[in-house]
Amino acid sequence: MPSDALTLCHECDLLQRNPPLPPGGSAQCVRCGCRLHKHRPDSLNRTLALALAGIVLFAIANSFPFLSFQMQGQTTQTTLFTGVQDLTEQGKGEVAAVVFFTSILAPGLQLALLLAVLLPLRLGGRLPPGYPTLFRWFKTLVPWGMMDVFMIGILVSVVKLTDMATIVPGPALFSFVVLIFVLAAAQAALDPDIVWARVPLPPALRRRPDPSQPVLGCDVCELVVPVQQASRDRRGHVRCPRCNDRLHRRKPRSLQRTWALVIAALVLYIPANLYPVMSVTSLGRTQSDTIFSGVVFLLNHDMWPLAAIVFVASIFVPLLKLLILMFLLVSVQTGSRWRPRDRTRLYRITEAIGRWSMVDIYVVTILVALVRLGNLASIQAEAGAVFFCAVVILTMLAAMTFDPRLIWDALERDRERDRGRDRGRETARDTGVRPGVVADAGRIEPTGASA
Ligand SMILES: [Zn+2]
Ligand SMILES: [Zn+2]
């Protein structure tokens, strides 16, 4: 059994043996319930085809008109990039940079990296130097690509403008919508194990690690590395021998960093909601909109589903996320043993929902780009947008710096103590797993249709 037949759960740090998986089946952590692996049939060909289609759609989405705005005989046309340009011109460069990165650069880079990683696999032969680093970057970019959130932003913007003008969709919009689904399908079809299996391992790691020796798990390629066999770089950092990512038992200074980011986000949440995010000039009159008044506007126009989306995404989610993170931080610092599995689930939720708060930032971007008719009608981004954008980014970073394995450390200490006290007796506490023994990961059979 080589090292890569073992998995160290990235959410609770339990060492487990990977079960053989049928096509479509997946392995689940026996302790915290997170998914460890999924067998995706014909992953290479399917992902490659989707990535190629994605590149074509991406090129169309970025070179043709996206939306046109027609009002009293005048027309403005926008491309995806126009909003970024206009925000920069209005002195909101920070917001422009975030919008550019999340709606254009990250998805584009993801597709390019995916091709760069999968093509050499498909063509066979030797892998190019730096190959694992490319795939590592791809993985890092995934949470920052937010085209699906941008799409909701387009819907909200179009509804906001229906009173004022006629909005005509351009060819880029159609490619953009298809691209969202293609990129999501490519991510779902991709089985990272087919990539990592091709990266050669040092001979020592092809043998079975001694379960009594301490091991480190790589967060990126999930290789289990015995501590003595981990290599150190010139600065003394322990590196993964397969993907070269830094290895650490827990994310470095996780609690301090997460607290700092949470507090910064909480402070900025106040001006983000008090200051207007944009001002609308129509026929010489100027009116400012905060995030909340934007929700009220949608409600007054009987668009309650969109009002609910914007309220939940922009007001409720950031606050909920900060409250959950504070609860998790306090529970870890007080050594709580309360429902570790549910607390891990809470963490998973905060990681998944944060990006949806970007909706309002995209709405401002799209409106600014579309409505540019001077005194007749124009929309300016205001200070609230900068604060709000900072809140979203800070809460996302906070969720990323928090290490869910800390939730399990108090129980792990109990297990260590019990092991010392009644050596030889079975001490199955929360997991049914005896200390020093490698657990078998749970196996979930494929459901009929996807098999
Ligand atoms: Zn786990
Ligand atoms: Zn690695």
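This section describes strand pairing, a surface patch and side-chain contacts in a predicted model.

Strand 5 spans residues 67-71. This strand is mostly covered, with four of its five residues buried. Two strands pair with strand 5, namely strand 6 and strand 7. Strand 6 covers residues 74-78 and runs antiparallel to strand 5. Five bridges join the two. Within this pairing, Phe-69 has Thr-76 of strand 6 as its bridge partner. Strands 5 and 6 form a hairpin, and two residues lie between them. Gln-72 sits in the turn and has a positive phi of about 45 degrees. Strand 7 comprises residues 166-169. Its pairing with strand 5 is also antiparallel and extends over four bridges. Strands of a sheet pair through backbone hydrogen bonds, either parallel or antiparallel.

Strand 3, residues 26-28, is joined to strand 17 by three bridges.

The surface carries a nonpolar patch. Its members are Phe-292, Val-296, Phe-311, Val-312 and Phe-316. Together they present about 420 Å² of accessible area. Helix 9 (291-300) and helix 10 (304-333) are the elements that give two or more residues to the patch. Helix 10 gives the most, with three residues. Phe-311 belongs to helix 10. This residue counts as partly exposed because its relative accessibility is 33%.

Val-178 lies in helix 6, which covers residues 171-189. With a relative accessible area of 42%, Val-178 is partly exposed. Val-178 and Gly-54 are 124 residues apart in sequence, yet their C-alpha atoms are 8.7 Å apart in space. Thr-258 is located in helix 8, residues 254-274. Thr-258 has a relative accessible area of 0% and is therefore buried. Its side chain makes a polar contact with the side chain of Thr-401, at 3.2 Å.

Side chains of opposite charge can pair when their charged atoms come close. The model contains 14 salt bridges. One of them is between Glu-11 and Arg-348, whose closest N and O atoms are 2.7 Å apart. Glu-11 lies in the loop between strand 1 (6-8) and strand 2 (15-17), and Arg-348 lies in helix 11 (residues 340-353), so the pair ties together parts that are 337 residues apart in sequence. Glu-11 is buried because its relative accessible area is 6%, under the 20% cut-off. Arg-348, at 24% relative accessibility, counts as partly exposed.

A salt bridge also joins the side chains of Asp-148 and Arg-355, at 3.0 Å from N to O. This pair too links distant parts of the chain, 207 residues apart. Asp-148 is in helix 5 (residues 147-161). Arg-355 is in the loop between helix 11 and helix 12 (359-370). Asp-148 counts as partly exposed, at 26% relative accessibility. Arg-355 is buried, with a relative accessible area of 16%.

Asp-233 and Arg-239 form another salt bridge, with their closest N and O atoms 2.9 Å apart. Asp-233 is partly exposed, at 24% relative accessible area. Finally, Asp-13, Arg-250 and Asp-409 are joined into one network by salt bridges that share partners.

How values were computed
Residues are numbered from 1 along each chain as its sequence is written. Chains are lettered from A and ligands numbered from 1 in the order in which they are written. This is a predicted model: local features need pLDDT of at least 70, side-chain atom pairs count only at pLDDT 80 or more; totals for chains, interfaces and linings use all residues. Side-chain values use heavy atoms; hydrogens and water are left out. Buried means under 20% relative accessible area, exposed over 50%, partly exposed in between (1.4 Å probe, protein chains only). Two strands pair if DSSP finds at least two bridges between them. Patches are made of residues with over 30% relative accessible area and no salt bridge: like charges are joined within 9 Å, nonpolar side chains (Val, Leu, Ile, Met, Phe, Trp, Tyr) within 5 Å. Accessible areas come from the Shrake-Rupley method with a 1.4 Å probe; for residues, only the protein chains shown count as cover. A salt bridge is a side-chain nitrogen of Lys or Arg within 4 Å of a carboxyl oxygen of Asp or Glu. A polar contact is a pair of N or O atoms within 3.5 Å; within protein, one must be able to donate a hydrogen and the other to accept it, and residues adjacent in sequence count only if both atoms are side-chain atoms.
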